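Let's take a friendly walk through the pockets and the core of a protein. Have a look at the model below, and keep it in view as you read.

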Amino acid sequence: MKLKKLLSHDFIEEFSAHLSTEFENELFVSALRNYCSHGNPLRFHNFAFAMRELLRHVLDRKAPDTKVRKCIWFSPQLDNPEKATRGQKLKYCMQGGIQDHLLSEEIREDVKEFISGYQDQIEALNSYTHIGEAKLRISPKSSYQSLKKVIVTFNNAMSIIEDGKSDVLDHIPETLFDYVRDELTNEIPNCLDELSSHSVIDWVDFEGFQVVDVDEQFLYITGDGTVHVTLQYGSSSDLKRGDGAIINDSFPLQFDCKARANKPKGAFVVKESISVITDSWAE
């Protein structure tokens, strides 16, 4: 099978979506080119070996040693304290720097199962790199089926990482709002100063909350809602003379906040992220 045709297959395209760097894409195409070298009886084994290395590179990109070591749960190896194990890298991909005790027992068990499932996929990949007399001259049909299994195995490994991370992030409780509400309310008036002489926040309705990412230091959270305000025009003296005005209105609100991975209840608002959408006022 020619390389161009091979690249058009659905499972190949699904795989390519997991690659981010020029090196990763080049290594993948090179691995496929190895497979397409039909005169070489080692073509599939060379392909499988390159794919195993590619998976290692992808995991290193997602979980660099320097970041994994900063996690409070990281435990260095005695023989190589600067190097994170594969299991630790997988744990980082799924829960970042969140301490284990901040997750429920069910989530902790899920993470362990996800890691175990990933390790099984690695063992499956390893089996394809072994060369024996029976495997040296496999038929083109068997070779293609094996190639597809390798790619599907890689896709499964990536899905395990993504599912584990989603499982962890979905667990973060919405009670974090309690720790950002006051600070957020204090910062909103700065966004409304241009609308009136004096802006007062009456209350804020929080309507959405999502933990979108986690790394060795922070949880990254986005939220939205509606801010209800009193807009005062003129000073208090102007109001008494009938020269001022007070208007009650509400505007959509968007904001980001961060929470330290090892102490989520210390969440704080990223002040420059606060956006009160006042387009309706201009109209």
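## The second largest pocket

Seven charged, five nonpolar and one polar residue make up the lining of the second largest pocket. Here Ala, Val, Leu, Ile, Met, Phe, Trp, Tyr, Cys and Pro count as nonpolar, Asp, Glu, Lys and Arg as charged, and the others, Gly among them, as polar. Helix α4 provides the largest share of this lining, six residues.

The model is predicted: local features need pLDDT of at least 70, side-chain atom pairs count only at pLDDT 80 or more, and totals for chains, interfaces and linings use all residues. Residues are numbered from 1 along each chain as its sequence is written, and side-chain values use heavy atoms, with hydrogens and water left out.

## The largest pocket

About 280 Å³ of space lies in the largest pocket. Among its 13 lining residues, Lys 62, Cys 93, Lys 165, Asp 213 and Val 214 are the closest to the centre. Its lining has six nonpolar, seven charged and no polar residues. With three residues, α9 gives the most to this lining.

## The nonpolar core

Which residues touch the most other members of the largest nonpolar core? They are Phe 47, Met 51, Tyr 118 and Ile 188, in a core of 75 residues. Helix α9 (residues 140-171) supplies the largest share, 11 residues.

Beyond its neighbours within four places in sequence, Tyr 118 is in contact (heavy atoms within 4.5 Å) with residues including Leu 55, Arg 86 and Ile 161.

## Terms

A nonpolar core is a set of buried Ala, Val, Leu, Ile, Met, Phe, Trp, Tyr and Cys residues joined through side-chain atoms within 4.5 Å. Buried means under 20% relative accessible area, with a 1.4 Å probe and protein chains only. Helices are DSSP runs (H or I, at least four residues), numbered from the N terminus. On a 1 Å grid over the protein atoms alone, a pocket is an open set of points where a 1.4 Å probe fits, with protein on both sides within 12 Å along at least five of seven lines; lining residues have an atom within 4 Å of a point. Grid points are joined across faces, edges and corners, and a volume is the space filled by probe spheres set on the points.

Technical notes:
Buried means under 20% relative accessible area, exposed over 50%, partly exposed in between (1.4 Å probe, protein chains only). Helices (H or I, at least four residues) and strands (E, at least two) are DSSP runs, numbered from the N terminus.
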